[in-house]
Amino acid sequence: MTGRFEGYAVLITGAGRGIGEATARRFASEGARVLVTDLDGERAARAAAGLRGDGLTADALACDIGDRTAVEAAVAFAADRYGRLDVLVNNAYSFHPDPPLVEDFEDEAWARDLDITLTGAFRCVRAAMPLLSAAGGRASVISVGSVNGEQDFGNHAYSAAKAGLAGLTRTLAGHCAARGVRVNLVAPGTIRTPGWAGREASLDRAAAHYPLGRVGRPEDIAAAVAFLASPDASWITGVTLPVDGGILIGNVGLRRALRRDSAEDSADSAEGRPDQVQDVVVGEPERP
Ligand SMILES: NC(=O)c1ccc[n+]([C@@H]2O[C@H](COP(=O)([O-])OP(=O)(O)OC[C@H]3O[C@@H](n4cnc5c(N)ncnc54)[C@H](O)[C@@H]3O)[C@@H](O)[C@H]2O)c1
């Protein structure tokens, strides 16, 4: 690894495991000092200790992004500890499975998903802006959205919140540009993380839908986040970058249904993909 982020200070929410933890490792491996925050303080502490055990620089803090005071305390911690903040990664989220009927979706569940997944990202940006805008023009915010914010993969509240993050990203990018802060979004497809624990069969079925033939790894998202934070992306702001194994290209099931039984198909079959697609369960997964 190069030291692309030597001298950078990075704050990541929901970084105790999964994509957030992999992103923390990526930044720390490239020289950054990383503040690992998570609703679950012990999880954050374990993740940061793992990084320090590998000779990297990381601190841990419990932080619920639903709590404005806790978010401001996390930013104040970064200010005290590092004297600066260069990158904010909005990764924490809330996910409530859809009930079978939309009329059974309760206000509390809806409000919780919007409050954590969308408003939580706003809370973090609001608290971090003074430090980010003082970072000498190299600062950026990267939020973790979802392909659910781009197309229908199920789940009303989660998808609405993720689509909201795309809108928030654009407006914040315009607002923050003159202050030297870029704002971007990555939209992952299905990623094998502890969030899917107990649903391995869903992940295996989902893999068959992906043009690139597998579900994602947390490191796939970490790499994209690091790119968007790096000087290589210094002229990129306000974008949504799908990191999705090609799932947003089009409808694999429809393409297969429309296929002719022809020589073209045997070319496809040589890759083995059409056979894999046969066992797909429509509607799964609900949370790519
Ligand atoms: N895994 C996927 O398939 C997938 C697909 C698309 C998008 N994403 C997005 O990637 C991000 C990370 O997903 P993951 O699968 O790594 O999640 P995960 O469930 O494995 O980990 C999420 C972490 O966030 C923490 N968290 C939950 N609520 C919080 C709160 N209020 N404040 C602070 N921390 C909180 C949890 O304690 C947990 O450690 C999320 O934004 C998710 O929507 C994931």
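Helices (H or I, at least four residues) and strands (E, at least two) are DSSP runs, numbered from the N terminus. The views below come from a predicted model, in which local features need pLDDT of at least 70, side-chain atom pairs count only at pLDDT 80 or more, and totals for chains, interfaces and linings use all residues. Residue numbers start from 1 along each chain as its sequence is written.

**View A. Helices α1 and α7 pack against each other.** Here α1 (residues 18-29) meets α7 (residues 218-229) at an angle of about 50 degrees, and their axes are 8 Å apart. Axes are lines fitted to C-alpha atoms, for helices over the stretch in contact, and angles run from 0 to 180 degrees between N-to-C directions. The angle makes α1 oblique to α7 (under 35 degrees is roughly parallel, over 145 roughly antiparallel, 65 to 115 roughly perpendicular and the rest oblique). The crossing of α1 past α7 is right-handed, that is, the near helix is turned clockwise from the far one by less than a right angle. On the α1 side, look for Gly-18, Ile-19, Ala-22, Thr-23, Arg-26 and Phe-27; α7 brings Pro-218, Glu-219, Ile-221, Ala-222, Ala-223, Val-225 and Ala-226. Residues are in contact if their C-beta atoms, placed from the backbone, lie within 7 Å.

**View B. Val-10 sits in the largest nonpolar core.** This core has 78 residues, and Val-10, Val-34, Val-36 and Ala-128 have the most contacts inside it. Such a core is a set of buried Ala, Val, Leu, Ile, Met, Phe, Trp, Tyr and Cys residues joined through C-beta atoms within 7 Å. Leaving out residues up to four places away in sequence, Val-10 touches Phe-27, Ala-32, Val-34, Leu-35, Asp-86, Val-87 and Val-89.

**View C. Phe-77 belongs to helix α3 (residues 68-82).** Phe-77 is partly exposed, because 17 other C-beta atoms lie within 10 Å (20 or more is buried, 12 or fewer exposed, and partly exposed in between, with C-beta atoms placed from the backbone). Beyond four places in sequence, Phe-77 touches Leu-35 and Leu-61. Its C-alpha atom is 9.6 Å from that of Asp-59, 18 residues apart along the chain.

**View D. Thr-237 lies in the loop between α7 and β7 (240-243).** Thr-237 counts as buried, with 20 C-beta neighbours inside 10 Å. Not counting residues up to four places away in sequence, Thr-237 touches Ala-173, Ala-177, Arg-182, Val-183 and Asn-184. The C-alpha atoms of Thr-237 and Cys-176 are separated by 9.7 Å, with the two residues 61 apart along the chain.

Terms used. Contact = placed C-beta atoms within 7 Å.
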